[in-house]
There are 2 protein chains.
Amino acid sequence: MKRTHNNGELRLSNVNEEVTLIGWVSKRRNFGALVFIDLRDRYGITQLVFDEQLAKHITNVRNEYILKVDGVVAERKDKNPKLATGDIEIKVKGVEIVNTAETTPLIIADETDALEDTRLVYRYLDLRRPVMQNKMMLRHKITKTMRNFLDDQEFLEIETPILTKSTPEGARDYLVPSRIHEGEFYALPQSPQLFKQLLMISGFEKYYQVARCFRDEDLRADRQPDFTQVDIEMSFMSEEEIQTMLENMMVKVMKETLDYDLKVPFLRLPYEEAMNRYGSDKPDNRFGIELKDIKGVFEHSEFKVFKGVESIKAIVVPEQASLSRKEIDKLTDLAKKYGAGGLVSLKFVDDALQGGVVKFFSDTEIAELITVLNLQNNDLVLISSDTWQTTCEVLGALRLHFADVLQLTSKDDFSFLWVTDFPLVEYDKEDGRYYAKHHPFTRPKDEDLKYLDTAPEKVHAAAYDMVLNGYEIGGGSLRIYDNEVQKKMFKILGFSDEEIQERFGFFVDAFKYGTPPHGGFAYGLDRVAMILSKSDSIRDVIAFPKNAAARCPMTGAPGKVDDKQLEELHLQVIYSEKE
Amino acid sequence: MKRTHNNGELRLSNVNEEVTLIGWVSKRRNFGALVFIDLRDRYGITQLVFDEQLAKHITNVRNEYILKVDGVVAERKDKNPKLATGDIEIKVKGVEIVNTAETTPLIIADETDALEDTRLVYRYLDLRRPVMQNKMMLRHKITKTMRNFLDDQEFLEIETPILTKSTPEGARDYLVPSRIHEGEFYALPQSPQLFKQLLMISGFEKYYQVARCFRDEDLRADRQPDFTQVDIEMSFMSEEEIQTMLENMMVKVMKETLDYDLKVPFLRLPYEEAMNRYGSDKPDNRFGIELKDIKGVFEHSEFKVFKGVESIKAIVVPEQASLSRKEIDKLTDLAKKYGAGGLVSLKFVDDALQGGVVKFFSDTEIAELITVLNLQNNDLVLISSDTWQTTCEVLGALRLHFADVLQLTSKDDFSFLWVTDFPLVEYDKEDGRYYAKHHPFTRPKDEDLKYLDTAPEKVHAAAYDMVLNGYEIGGGSLRIYDNEVQKKMFKILGFSDEEIQERFGFFVDAFKYGTPPHGGFAYGLDRVAMILSKSDSIRDVIAFPKNAAARCPMTGAPGKVDDKQLEELHLQVIYSEKE
C-alpha cells in the first residue's frame, strides 16, 4: 500500500520522477482516447492521465473509487493555477482499483447545494469535501497550538470526570442513571469549574484541559448539547498577568493557523463602556454606529415617551434615511424582541430632522440633537428610551442588524478585545434578591471590597471575557480564596448555612486547607474554530454535530432503548398524554 | 504575587541571591530561637530559616499555610542529599501569610497510612502529596509525548461525540435520557470505534483522539466507569507498519518519561503460542515458569483424570516442593476459580517424583515426565488437565500467583510484546454459534481467507494487542473494507439482513462509498500511566477516580435528583421492593 507522495505535493521539480499515488477519484474526463482523472486525498488533488491501453482497465471506474497508480510526473500543457499541483500531471503506467464506490448522495466538492440535514445524515461524505477537511485540520492546529503554548509554560493537562455531580452553573444538567445505585444519577459536567479550582487547592498551580462540557439547554440555532472548552486555571497570578498570557496564546494561534500578526495588548473595555458604546457585553468593534447617550438633550423634554426614563440613547446609520415605512417597522419589531416598548426613528434630510415625533421636540432639543449626534444628510437616527440595560441591548441589536445588511464586516478581519469589570452581582427585582453575575466564587475587585457590605451592586468582579468579532470566545475570573469574603458573598446571595452545605458542601470545605490565590479562563473552542475557519456555524467545525433538535441525523441518536435496559436502571418512561 | 524561583530550583550557585518564594508549609521546626520551615510547591521543597525577630511574625503558622517570603540564599551547614535543594536554605528577610489552613485530615507527605476512601474524600489534599503530583505530571508527559509523536506524523486529532448511540462493543452502555425527545436516550461511547472508522471513510487517513470512554460493567477492583483511551486509526497501512509505528511511539514515551531505552522490534507472540507458553493472551515474560505440554507423556495413561482430555499441561516451580498441604489447597482453590475441576500437584524430592497420584502413573510415564519437564530437586509440579483453554488459563493464573508471592518481577523492568494472530471468531457451544473475538469489522488475515466459508474457526484475525508486564495496554486490528468479506463475516455470525440493518445500519451503508483499507489501535492510557508510574492501581493516576462501587467519595456522585428533574426527563424511578 506504499505511496511515494501524497496528492498535494508534486511540483515541476518532480518531473520525470516515478511515483506511486493513492486516492479517491474526484473527477473523470474522457479526451479522445485518453482518460483524465483528478485523484484526491487529504493533501490535495493530482491529475492522472491514462493512455488508450490503460484506459481499458478503468472503464468502470467512477467518482469516489479508490485507485493506486504508478506513473511518471510530466509537465502539463494546460496548467491549472488554482491547484497547488497544477503544473504537473502523472502519466499512469499501472493502476490498481483499491475499492469501488456507489454514487454518493452528496457531491464531494467544496460547493454543495445539499441541505444541512442531508449533509449530517451522510456526514462521513460531507467530511470528505476538501473545504470540510480543511476546517477539521484548522481546528486541530488551533488546539495543538494552544496545547503547545500551555505545555511550554508548564501547564499540566489533567483530566476531570465526565460522570460526576451537578455543578452550580445555572443551566440544566444531563443526567446518567446509575445501575448499581438505585434511583441515583451522575451528572455530566457543564464545565470542570469545581475540579479545576480543587486542582489549585491541590497545588498544581497551572492546569489546563481540552474539556468536553454538556448543557441541556433549550435549543438555539448554534448550540450543541456537548461542546469543547479549553479550560485553564492558575495560581499566584494577577488578572493582568492572566490576560497577558491569554493574549500571547492567541498571538501564537493566529500566527500558526492563519499567519496573521495579531497586535497585543488587546483593547480593554470595562463592561459599562462596552454596553454604553456598543450595546453589548461582547461588542464587535470592526465598524462604527456606536451608541450615543442623548439623555442630556431631553432632560426637560415634553415628549411623554422620554419623560422620566432611566436612559435615552441613539444610533446614527449613515445613508439609510431612505428606508421605507415597512423597513422601519421591521426595525421596531427587532427592538421589541429585545425588550423595547417601541422605537423612535428620525431622518436627517436636506439639513432638517424629519419624523413623526419631531413635533414633540423643542427647537433647542432639535439643534442640540443634531450637534450631539453630528448628523449628516441622509442619516437615519434610531432612539431607544427605557432602562439603561434595555436601551443598550436594543440599540446593540439594531447596530448588529445594520452591520449584517450593510455588510460592514469581513470574515477576514479579526478584532480581539477584553470586556472587564463586570458587576459582581445583579439585583433581581422580581425575586427581591441578588444573583451572582458569574458564579458565587468570583472574586470582587480589591478596590471595591469596601462596598461589599453596604452596596454590593457597586462591586465589580475580577472577571473578564475575551471577545472576537462580536463573539464571546472565552471568559474567566479570579476566584475568592479568602473565607471571610466568601462568607460575605454567600450572605449577599441570601444563602443559609444549610443551603451552602447542600449546594457547595465538599467544595467549600476544601477551601479551609490552604487555598492559593487563583483564577482561570475557558476558551469556547468550537467558536474559536468557527471564526478562524470563517464558518457560519459551529456545526461546521465539529466532526459529528447534533442538529438544532439535538439529534444526530447520522446515527439517529438519541433513540429508544429496550425495556431490559431501563429495568436494569430502575427506570420507567412516563409518556405524556399526547403519545 | 511574583516569585523569583520555584521551590525546586535553587542550588549552591544561587548563594547570596535575593529571592522571593511562595509555597505551602510542609514542615515547621523550632531550633532554639530559630524557626525552620520546609516550603513546598509543585516543583519541590526549600528550607527557610526565620531568625528570632521574624519568628515572632509566624508564631501561628502551621502546616499547609501558604507563605510568601523574601530572603537570601545561603549554604546549609547540614546538607540534605535527599532534597534537590538540600545544599541551600533561605535566610528569610520578610514574610507574608498568603492564606491560613486548618489541620488537614491527611498528612501531606509521600507516605500515607490513610485509607483509600479517606484519600478519595479529600482527594484535593491527597493530590497535594508530592508522590501524587509526580504521578499526574508523568501522566501528562506520557500523553504529551504520544500527541507530539502523532502530530509529527500528521495525525489529526478529531473529537467524536460523547452523547451518541449504542455501539456494538459488547459491554453495557451508560444511557443519558433526552429531555426533548420523550422516551429516548443517548448512550455514552464505549469507544469511538465507529466514528474513527467513519473518519477513514471521510478520507482523513490519520486520526487520533485522547478519548474518554464509558462502560457500565460489573465492577472489579481496578476498573473505572469512565476511562481514557488514546485512540488511533489510519488508512493505507499494513499490520506491520502500524505495529512499527506504535513501537516507535512507545520508544519515545519511555525515553521522554523515564529516560528508558526501549528496544524494538518487540517480541511478537502469536495468540496460540502466548497461551501455550504463558497461559495468557497478555503474558508477562519477565520471568520463566512457562507451561509445558505433557499430553504426549500421558497418551496411554490409566489415570482417569487424564483420560480423554483435550489438554494436559504443567508448570514447574523451583524450590517450592516444601509447600504445605494447606498451601497446595489454596493453589487448588485458585485453579478452580479459573475453571479447573482440580489440580494435580507433585514434588520432585530426592530425585523422586512424589504426590498422591504418582501411584496411577507408569514408570515410563514418570521417567518421561522427569525428562520432559527437566525436573530438579525441590521442584513443585502443578498439572492441569482439561480443555486447552482451561489448562492454559489455570496454569497461567498459577504462574502469576508464584510471580507475586516469590517476587519474581520488579516494577523497574519493562517488557513489551505483541500478541498477534488472534482467532477471528470463537464458537460458543451453548449458543451453537460463532461470536466475533474482537468485533464483526475485524479483518481476517489474507492467507486464511480460504477457510472463511468452510472452517471459520481456523481463520486468524489481523488483530494485535500490545502487552506490557502482563497488562494489555492496547489493542487494535485491521478492519474489513471489502463488502464481500463483510457479508461473509455477518453470515458466519448468523446475522440476518434485518439484524445487520438494525445493529449497524448507517455504518454498513457508509462502506459503500469508497472505503480505504484501514486499521487502528487504542492505548489504555490509564494502564500505561499506572505501569510507568509504578503504581498499584489506575486510581492512582486518575485525578478524581471513582471507588470500587463506582462512586466518587468526594462529590458523592452519583446522587439523588429532585422530582422536577426526573419529570422533565419523562422518567420515574421504580424502586425495588427492598427499599
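**Notes on chains A and B**

1. In chain A, the C-alpha centres of domain 1 and domain 2 lie 62 Å apart. The domain assignment places domain 1 of chain A at residues 12-99 and domain 2 of chain A at residues 287-405. This is a predicted model, and the points that follow should be read with that in mind.

2. Chain A contains an open sheet of 8 strands in the order 6-9-10-22-21-20-17-11, and the pairing within this sheet is mixed. Strand 6 (156-157) and strand 11 (267-270) of chain A stand at its edges with a single partner strand each, so one side of each has no neighbour in the sheet. Within the sheet, strand 17 (residues 416-420) and strand 20 (residues 463-468) of chain A run antiparallel and are joined by 4 bridges, and A:Trp418 stands opposite A:Met466 in strand 20 of chain A.

3. Helix 4 (residues 130-152) of chain A lies across strand 6, strand 9, strand 10 and strand 22 of chain A, and it runs at about 150 degrees to strand 9 of chain A.

4. The UniProt entry, which is unreviewed, lists under "binding site" a set of chain A positions, among them A:Arg215, A:Gln224, A:Gly524, A:Leu525 and A:Asp526. From this set, A:Gln224 and A:Asp526 are taken into the lining of the largest cavity. A:Arg215 is found in the loop between strand 9 (206-214) and strand 10 (226-235) of chain A, and its relative accessible area of 25% makes A:Arg215 partly exposed.

5. A:Gly524, also in the UniProt list, lies in strand 22 (residues 518-524) of chain A. Not counting residues up to four places away in sequence, A:Gly524 touches A:Thr228, A:Ile473 and A:Gly474.

6. Helix 13 (residues 525-532) of chain A is mostly covered, with 7 of its 8 residues buried. After helix 13 of chain A comes A:Lys534, whose phi is positive, near 55 degrees.

7. Strand 18 (residues 425-428) and strand 19 (residues 433-436) of chain A pair in the antiparallel sense over 4 bridges, with A:Val425 opposite A:Ala436 in strand 19 of chain A. These two strands form a hairpin with 4 residues between them, and in the turn A:Gly432 has a positive phi of about 65 degrees.

8. Chain B has a closed barrel of 5 strands that runs 1-2-3-5-4 with mixed pairing, and the twist from one strand to the next averages 55 degrees. Strand 1 (residues 18-31) and strand 4 (residues 66-75) of chain B run antiparallel and are joined by 7 bridges; B:Trp24 has B:Ile66 in strand 4 of chain B as its bridge partner.

9. Leaving aside neighbours within four places in sequence, B:Val309 is in contact with B:Lys295, B:Ser385 and B:Asp386. The C-alpha atoms of B:Val309 and B:Glu52 are separated by 83 Å, and the two residues are 257 residues apart along the chain.

Technical notes: Residues are numbered from 1 along each chain as its sequence is written. Chains are lettered from A and ligands numbered from 1 in the order in which they are written. This is a predicted model: local features need pLDDT of at least 70, side-chain atom pairs count only at pLDDT 80 or more; totals for chains, interfaces and linings use all residues. Side-chain values use heavy atoms; hydrogens and water are left out. Two strands pair if DSSP finds at least two bridges between them. Axes are lines fitted to C-alpha atoms, for helices over the stretch in contact, and angles run from 0 to 180 degrees between N-to-C directions. UniProt positions are given in the numbering used here, feature names are shortened, and annotations may be inferred rather than shown by experiment. On a 1 Å grid over the protein atoms alone, a cavity is a set of points where a 1.4 Å probe fits but cannot get out, and a pocket is an open set with protein on both sides within 12 Å along at least five of seven lines; lining residues have an atom within 4 Å of a point. Buried means under 20% relative accessible area, exposed over 50%, partly exposed in between (1.4 Å probe, protein chains only). Contact means heavy atoms within 4.5 Å. Domain bounds come from an automatic or database domain assignment.
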